[in-house]
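Work through the exercises below with the sequence and the coordinates at hand. Each task is followed by its solution.

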Amino acid sequence: MHFSIPDTQECKDEHGSTYRVYNVHVNGVFHCSVRYSQLHDFNEQIKKEFNNSFTGCHKFPPKKLLSLTPAQTEERKEKLEKYIQLVSQDPRIANSDIFNGFLLTSQKETRREEPIDVELDVYMMNGSRVKVNIKSTDQTDDVLEKVTSEVGLPDQFTYYFGLFLVVKDKDEEAGTIVRRIQDFESPYISLKAAIGTHKIVLRKNYWDPAFDNDLLEDRVAMQLLYVQTLSDVSRGWVLASQDQLSRLQALKAKNSKKEYIKFAQTLKYYGTLQFKQCVVNYPEPETKTTINAGNKELYFRVELPDGSHKEGVFRITRMRCWRITNSADREANKGSGPEPIVVNKGKSQPPAQLELSFEYLVSKNKLQWVTIRSDQAILISLCLQSMVDELLLQKKGGHIKRPQDRVKGPTRQFKGRDGQVITSVSTSSPVVRPELPNGASSPTEEGPSKSAKAIDSVKKISDKLHNAAASNKSPGASATVENEIFEGIGEDDL
């Protein structure tokens with residue numbers, strides 16, 4: 001997740017007194033406005049729950065006795081932004097009911113949304129619509145479970161799918177994916193607040209095609225996978241020759257859904273998410289490229305003058321880190337490196353100025369930055385992170401979350417803008433641990449695992465690269481997302 005606080009604003013309470021709020025954006029979209037005192041209370045709750053062991057525990061800016069000057073206000077804004085970025089990177093906190101509850105409560109308070117009974121439309125990938133009756137303030141996982149229950153999907157497959165916000169696009173009949181709706185949001189509020197014509201769509205929420213096999217034996221799960229595959233093929237996200245398209249059409253005509261999916265699995269870019277054409281610095285600066293993400297890789301397709309395509313493939317295991325920057329700020333600060341992203345800083349700044357840069361291991365001991373300039377830079381970054389998370393889950397022997405993994409938290413009390421207490425109950429989704437056979441001891445009981453030994457055996461390479469990168473770090477490197485999987489890279493990967 002990408003958190004930013006691009007600006008602040010002054011508000012007045014019911015007595016006419018002024019106070020300042022910080023506008024929190026999540027994944028490039030405005031989420032809520034909160035006061036310093038609310039964030040301070042949130043930090044105190046985290047400290048009480050996790051002691052001082054959480055990421056960013058010493059980064060919260062202290063209270064000031066006197067009113068802040070404009071310079072001090074800006075400094076506090078930057079420190080609060082850094083704090084929430086660090087906290088959100090701690091899995092224990094990011095999956096906790098405190099984190100979800102605070103952000104959900106803040107969204108409800110900012111939008112002045114009271115819990116009322118509403119009907120929400122959720123669309124399938126074939127355009128069909130499911131209506132669910134929910135509370136307007138229900139969090140995402142509650143809504144997702146109601147949607148999948150409404151269509152008859154077995155519980156164990158619920159979180160193979162997710163709710164995505166999609167905007168109507170004149171060039172794409174199916175629309176353009178904006179982002180996956182997070183569990184600290186209310187889908188109803190987020191849809192209501194979205195600018196433009198949006199809808200909520202149910203689509204699969206995993207990257208490894210091997211998970212398809214779990215769905216193929218269930219009628220409803222296979223139908224959901226089938227309609228998404230049809231959509232991906234029709235919009236050209238899956239590359240196929242004319243003969244292959246003819247075979248797919250024949251399987252569709254026979255209603256051979258399982259065979260259709262299995263044949264589509266053999267085609268290039270199956271199971272990937274395709275982004276709008278963008279500009280990259282690979283293989284040459286200002287190169288127009290189409291990017292697909294999936295199967296643990298980013299695929300670059302460059303169209304050559306003769307109409308053919310040249311492809312570049314970047315594995316997520318060889319990305320040391322990545323960061324979101326603003327190209328306008330980068331130009332203004334040339335020589336000092338890119339600055340952390342500032343979203344919606346001003347109306348004159350076009351969203352296409354966003355850049356995603358990742359540091360890639362092109363050969364042994366050689367790292368190179370590859371930069372993508374796209375208004376979907378944050379979405380690409382989120383895709384990279386979710387692929388990394390999925391691969392880590394698989395390496396640890398875990399499983400995709402199930403409804404029973406969610407834990408309903410205790411009643412939490414959060415401070416409102418007016419200082420009054422807001423009571424909230426949210427759920428947490430703890431990191432799923434590996435499932436061990438009966439009587440089996442954990443890896444920590446048996447000593448270092450094979451994967452741990454493999455990481456140790458290549459630690460010299462990683463340390464050398466990290467040291468080289470650290471010596472060249474720019475001021476903007478504070479927004480960098482480190483890739484945990486990179487630590488496990490070995491000679492065979494080179």
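**Exercise 1.** Is Asn51 buried or exposed?

*Solution.* The model is predicted: local features need pLDDT of at least 70, side-chain atom pairs count only at pLDDT 80 or more, and totals for chains, interfaces and linings use all residues. Residues are numbered from 1 along each chain as its sequence is written, and side-chain values use heavy atoms, with hydrogens and water left out.
Step 1: take the relative accessible area of Asn51, which is 56%.
Step 2: apply the cut-offs, with buried under 20%, exposed over 50% and partly exposed in between (1.4 Å probe, protein chains only). Asn51 is therefore exposed.
Step 3: note that phi of Asn51 is near 60 degrees, a positive value in a residue other than glycine.

**Exercise 2.** Determine how α9 and α10 are oriented to each other.

*Solution.* Step 1: the axes of α9 (residues 242-253) and α10 (residues 257-264) lie 8 Å apart at an angle of about 160 degrees. Axes are lines fitted to C-alpha atoms over the stretch in contact, and angles run from 0 to 180 degrees between N-to-C directions.
Step 1: angles over 145 degrees count as roughly antiparallel, so α9 and α10 are roughly antiparallel to each other.
Step 2: in the loop between α9 and α10 sits Asn255, whose phi is also positive, near 60 degrees.

**Exercise 3.** Find the peptide bond geometry between Tyr282 and Pro283.

*Solution.* Omega is about -5 degrees, a cis peptide bond. Pro283 belongs to the loop between β10 (278-280) and β11 (287-294).

How values were computed: Helices (H or I, at least four residues) and strands (E, at least two) are DSSP runs, numbered from the N terminus. Angles under 35 degrees count as roughly parallel, over 145 as roughly antiparallel, 65 to 115 as roughly perpendicular and the rest as oblique.
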